[in-house]
Each structure stands twice: as C-alpha cells, then as structure tokens.
Amino acid sequence: AELIAELAGGTVLEGEAEFNEMKIEEAVISISLGKINKVLGTDLAVSEVEEILTRLQFTVKVEGEEFVITVPTRRGDITIPEDIIEEVARLYGYDNLPKTLPVGASKPGVLTAYQMKRRVVRRYLEEAGLMQNITYSLTSAEKAAMYALDKRESIRLAMPMSEERSTLRMSLIPGLLDVLKHNVARQNENMAVYETGAVFLKTSDTELPEEKEHLAGAVTGLWNTNLWQGEKKKVDFFVVKGILEGLFRKLGVEDRVEWKQAIVEGMHPGRTAELLLDGELLGFVGQTHPKVEKKEDLKETYVFELSLAKLLNAELEPIQYTTIPRFPSITRDIALVVDTEAVAGEISSIIKEAGGKLLKEVHLFDLYEGERMEEGKKSLAFSLKYFDPEKTLTDEEI
C-alpha cells in the first residue's frame, strides 16, 4: 500500500469504506394447505407438502393446515406464497397435476358501440378509395399549431430527439401532408389517405394533456383515370364533399350536418367550409392554401379534419320501418334567380322548412351563370319530391 501511495503521489487512508451494502435475510412465508390445493387443483395432505418443503431444506413449522416456512438465503428467488406453490408443483410433478378447465362465469368480449362505429368509418373510407395511415404524434413547433380545431398553447417535449419531433400534434393534417409529399416526390402523384388518431391539447403546466380522437383525410392528383375513354377526373372540393356526405349518410347524421363557407388558417379562403353537427363545430374541409402547396411541392390538394368523438357519440333516433307506399310521389322542378353570393345550402334549408310535411326531398340539380343572366345574379334549379301516404296528391295541393 505504501508503494502504491508513493507511485500515485499520495497517501492511502486507513480503515474501511462501505457503500450500498446488501443485507440478505431469510424470508418467512405463511401459506395454507387449502390455497396450495386450490391453485394446483390437487388434494395433497399436510404431510405430503411438509415432506416436499423439507426436501428443499426449508425450515417448516406446521400449525394445523397452516405452514410457516423459513426460506434460506441461498433461495433469494422465493419471496411470496405463490413461489412456494410453484416449488410444491415442481417437486410433486407437473405431469401429476390434474387436467381441469377453469370454473366461473364467463362473458364474451364485444366491441363497444363507439368502437363498432369507428370500424364502420374506417371500412367506409377504405371502400371509398382512401388508404389508412398512422403518422407520428410528434411534429415540429411550426406544424403543431396548423389546422388545429381547438387553438391552444402547444406542448413541447423537455428533451426532444430533433426539432422535427419536438412538439405534440394538435391536428392530423400536417402528418398526412408529409405522407403526400413523400409519395409525390417518388412519382406516386394520385394519393388519397386518411387517419384516425389522437391530438393533444394543453390543459395546464402541471396536468397531462387532453387527448381527443380526430378523423382526417388528404387527397391529391386524379380521382378517376379512364385512359381508353380519354376521361380524367381531377380531385376537387366536391369529390371530398361527396366522400364526407356518404360517411354522414352511413352514420345516420347527414340531415344534421350543416356546411358553411369559412376562413381557416392554412386553407384556401374561397374553397373551405366548416361543418356543424347540430349547430356545434364538427370540423372543416377544403383545399390547402396555394402557399402551403408550393412549400410542400404538392399540386392541388384537399383535406378534411373532424372530431371523431363528436361524430360517433351523436345520439341517433331508432330506425323505423314503414310499409311500401300505395300512392305515387310527385316531382316538381323550380328555378330561383338569386344573388351570386347566395349559398345553395341555405336556400335548400329554407325550402325544406317552408315546404310543409308533404315535401320529402329537395335536390339541387343545376347552376346557371350565363350571358343572359343579370350581372351579380345566378339561377339555381331544385327538384322537389312530394308524397302523401294516404292519397294521391292533386296539382292544386302541390
């Protein structure tokens, strides 16, 4: 030690230093004969269990059918009663244990109503031609705030791996735009994708964020291509609108969803609509802003994002079946000249409200803005279907 100290240029202290000493003590475990037999399905006697434990060189004290077992320190793996049961089974022989089926009430597993509806949503979108994607929950601070339905302060990780994955997302759309960008750069120019996933909204600095499940989609390129007929259909607002209308019809809420032109940050100001379900904001749909498309190297792209929880938790009226009608329906077409800024959806709602109980359906089938139309005006043509289950309607009644 003196030589080592001399070579090290110092002195060696006398005495001992001890750190984190492990104190090993014998474990004492109590277990009853009844529990051993119940778990193993056996009918062992006290003497048989005592003999097995003695063979293991455990100290065993028997009090009626209760065993108090002292486990030597060399068996540090035995600390709880279940470990004793395992040792008894091992020495008794696994082949000697009786073969029995579990006993007790069983309940078949089923999906909740919400889970079943979510599966309907996914299947519908896949049948419509959209592919499911799962994107990162983490994004950049810039993208985290884009397209959020609920604008809140973003949530940043304490130690992010990179700036591109530093912030919890508040919208699914930026991730889907990254998917489109990645594919378009590899000559997959006709893309239609969707995602169901959680967004994260800040509640306070000390509590966990609020998680809400959203549904989002993104479509770009050509929707239909029939080269032999020379027909091509580019994606436009009405393609995506039709997809969502079909989804709402599938879920039974089509008549309760209202479409309103809106201004949304990051979206084209003239091709964006908010969706209201029973008067509450459900989401939005429209074309991404040309500046965003240029930045992401994308062509004309349309996206939508909805609150999936609001959509699937909407209360539905039970389906009622009616007999096949005995009397025919009657259709009338009307054309209305209105201001160019007038919204067809609002006019349709007014017609439904004023049409009375005999008016069953209203459909817009024509829009005309031609040289014979007065400046600042347009013509909207609606088809109205009337029906009375009790009789045939007359022209006077229509």
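## Nonpolar cores

Among the 32 residues of the largest nonpolar core, those that touch the most other members are Leu215, Phe248, Leu306 and Leu311; such a core is a set of buried Ala, Val, Leu, Ile, Met, Phe, Trp, Tyr and Cys residues joined through side-chain atoms within 4.5 Å. At least two residues of this core come from each of helix H5 (113-127), strand E7 (191-201), strand E8 (210-220), H8, strand E12 (267-277), strand E13 (280-288), strand E14 (301-307) and helix H10 (308-312), and H8 gives the most, with eight residues. Helices (H or I, at least four residues) and strands (E, at least two) are DSSP runs, numbered from the N terminus.

Leu215 has contacts that include Val121, Leu125, Leu172, Tyr194, Phe304 and Leu306, with residues up to four places away in sequence not counted; contact means heavy atoms within 4.5 Å. A second, separate core of 20 residues has Leu33, Ile36, Leu44 and Ile78 among its members.

## Basis of the values

The model is predicted, and local features need pLDDT of at least 70 while side-chain atom pairs count only at pLDDT 80 or more, although totals for chains, interfaces and linings use all residues. Residues are numbered from 1 along each chain as its sequence is written, and side-chain values use heavy atoms, with hydrogens and water left out.

## Pockets and cavity

The largest pocket holds about 1600 Å³ of space, and of the 41 residues that line this pocket, Lys241, Trp259, Val343, Ala344 and Gly345 are the closest to its centre. Two or more lining residues are given by each of H8, strand E11 (257-261), E12, helix H11 (344-354), strand E16 (359-368) and strand E17 (377-386), with E16 giving the most, seven residues. By class, this lining divides into 16 nonpolar, eight polar and 17 charged residues, where Ala, Val, Leu, Ile, Met, Phe, Trp, Tyr, Cys and Pro count as nonpolar, Asp, Glu, Lys and Arg as charged, and the others, Gly among them, as polar. The second largest pocket has a volume of about 250 Å³ and is lined by Asp255, Ser329, Lys360, Glu361, Lys385 and Phe387.

The structure holds one cavity of 30 Å³ or more; the largest cavity has a volume of about 40 Å³, and its lining consists of Lys117, Leu251, Val253, Leu311, Leu312, Ala314 and Leu316. On a 1 Å grid over the protein atoms alone, a cavity is a set of points where a 1.4 Å probe fits but cannot get out, and a pocket is an open set with protein on both sides within 12 Å along at least five of seven lines, while lining residues have an atom within 4 Å of a point. Grid points are joined across faces, edges and corners, and a volume is the space filled by probe spheres set on the points.

## Residues in loops

Val235, in the loop between strand E10 (231-234) and helix H8 (237-251), is buried, with a relative accessible area of 2%. Buried means under 20% relative accessible area, exposed over 50%, and partly exposed in between (1.4 Å probe, protein chains only). Trp223 is twelve residues from Val235 in sequence, yet their C-alpha atoms are 5.3 Å apart in space.

Gln57, in the loop between helix H3 (46-55) and strand E2 (59-63), is exposed at a relative accessible area of 60%, and its phi is near 65°, a positive value in a residue other than glycine. Asp278, in the loop between E12 and E13, has a phi near 55°, a positive value in a residue other than glycine.
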